Amino acid sequence: MDTNFFRPSMKLVVLPVLSFLIFSLAWWGLTTGESNSAWPSPTDVGRALLSEWQSERLWADWWASMSRIMIGAGFAIIAGIGLGLLFWSSLICRLALRPWVDFLRFVSPISWIPLAIMWFGIGDLPVIFLIFVSVVFPMTISTLAALENMPQLLPRVAQDFRLSRSSTLLEVILPAVWPDLLTAIRVMLGMAWVVMVAAEMIAGKQGLGFGIHDARNGMRIDLVILYMLLIGVTGWCMDRGLRWVQGRPRWRWKNG
Amino acid sequence: MANSMAALELRDLSFAYPRREALLAANASMNLTIPCGEILALVGPSAVGKSTLLHLMAGHLRPQAGQVWRSGPTLVIYQKDALLPWLNVEENLQFAMTYALTPHSPGEVRQSARNALVESFQLSPYMSLFPRELSGGLRQRVEVARALLAGAEILLMDEPFSALDALTRVRVRQETFQILRRRRTTVVLVTHDLLEAAQVADRVLVLEPNPCRVRAEVRLEGEIPRSMTGMEFQRSFQELNRFALDSVDVRLESTR
């Protein structure tokens, strides 16, 4: 009996492919036979992909969502790290502002939608704002937790080597918390995608969420599924990218 | 006024942690002079204040009264290694060169100092490895090399070998102190291990608690590191043992 299949590296490739094939076959089996627009088959979704590809709308929607995620989540991650550092280094700031952050992170980002539309209208800005508020507060708490769990000898080393404040931050503190921040960023990006799709459905004029909403209005369930698949694949690719960075020997020290 | 031959001087030092009994009392303040190139060991029971004394010498703690005078750059070698875990051995050494404690010497001089240390500590095969890929003994060797490369003239070592297994400890201690003695580096070594003190110290201070003060001072003869089988070593070890046991008796009496 060939034992290659049981090698861990083979399992890593074969098992996901196998489960994908089984899922696709099950989908095929359940949806082919009779034509039903509420239950499109993989072929229907494939056809929708070809037609949308040619019309270029799909990529315009994809790019609109990607740019909003990058701007909204990017600024929120930077602001969250900054706030986390501020809370860690200043007891006064922590005592004054931490209750606000704790309060605001329990306010669902979706509940900001009416205010976002009133303040910013319809389009890019309200969606970027909603992504920002969904990420910035949890990112602050995650950064603070990472700083509090940092090996305490490392700031001491910076002190012993008489590093300036900026060098301590850039050469010691940020690299020391980077593995934890990467994990937090992976979680935050997942949250940002969820909020973005909901926000685009209500406050967007373009984007993957708006595309789903528009396709549903036109009873194009094949398009809804196509957009859902695109969201899933894009999110998966971003997560794989971050996992790749996490897996580099330089950043693996925290997980052994 | 500091003694011109002194590397480190403590003058009328007293210290107490907040809301705790004085560790170094004002009426029994600590005075100590450590000449350049001396290897001084501080021994005594747990919680006697050895590490606190070391942190006062390093400037991590501020004394309530008295002063600490250091003749040159000082670095601490901790019990747990304090290498930057996201940098490999080469980069950790580079860090010491970038943030050297002494004025920058020309590039070639620094490079030859680095090469000499790499050779002395036999680090060449490990330069591309990250700290988590090294054994405990190797990590301590890299850390001492990093401190010397940064230009430290005084090393404050806080039980640096206690995390190593017994056999590795003997070997790493032997190699490290051979190099430190050759370079005439001033060392203050905090240790629980009387064998260690007897093997590598020029002078041993046996400390007693409540408040922390010197119970006995033992000067040891012979070349460092001493052979553990020699008669001289045996005699020094016996003497040290007697004072150390007395110090433990004092502690037991004071806690009754």
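Predicted model: local features only at pLDDT ≥ 70, side-chain atom pairs only at ≥ 80, totals over all residues.
Chains A and B meet in a contact to which chain A gives 13 residues and chain B gives 13 residues. On the side of chain B that touches chain A, eleven residues are nonpolar and two are charged, while no polar residue takes part.

The largest nonpolar core of the model holds 125 residues. Residues of both chains are found among those with the most contacts inside this core: Leu130(A), Ile131(A), Val135(A) and Ala192(A) on the one hand, and Leu40(B), Val188(B) and Leu189(B) on the other. Helix α8 of chain A, which spans residues 165–203, supplies the largest share of the core, with 17 residues. The surroundings of Leu130(A) can be given in detail. Leaving aside residues up to four places away in sequence, Leu130(A) touches Pro109(A), Trp112(A), Ile113(A) and Ala116(A), as well as Val195(A) and Ala199(A).

Chain B contains an open sheet of six strands, in which the pairing is mixed and the strand order is β5-β6-β7-β3-β8-β9. The edges of this sheet are formed by β5 (74–77) and β9 (213–219) of chain B; each has a single partner strand, so one side of each lacks a neighbour in the sheet. From one strand to the next, the twist averages 20°.

How values were computed:
Residues numbered from 1 in each chain as written. Chains lettered and ligands numbered in written order. Contact = placed C-beta atoms within 7 Å. Nonpolar A, V, L, I, M, F, W, Y, C, P; charged D, E, K, R; others polar. Core = buried A, V, L, I, M, F, W, Y, C linked by C-beta atoms within 7 Å. Buried ≥ 20, exposed ≤ 12 C-beta atoms within 10 Å, placed from the backbone. Helix = DSSP H or I, 4+ residues; strand = E, 2+ residues; numbered from the N terminus. Pairing = 2+ DSSP bridges. Axes fitted to C-alpha atoms, helices over the stretch in contact; angles between N-to-C directions.
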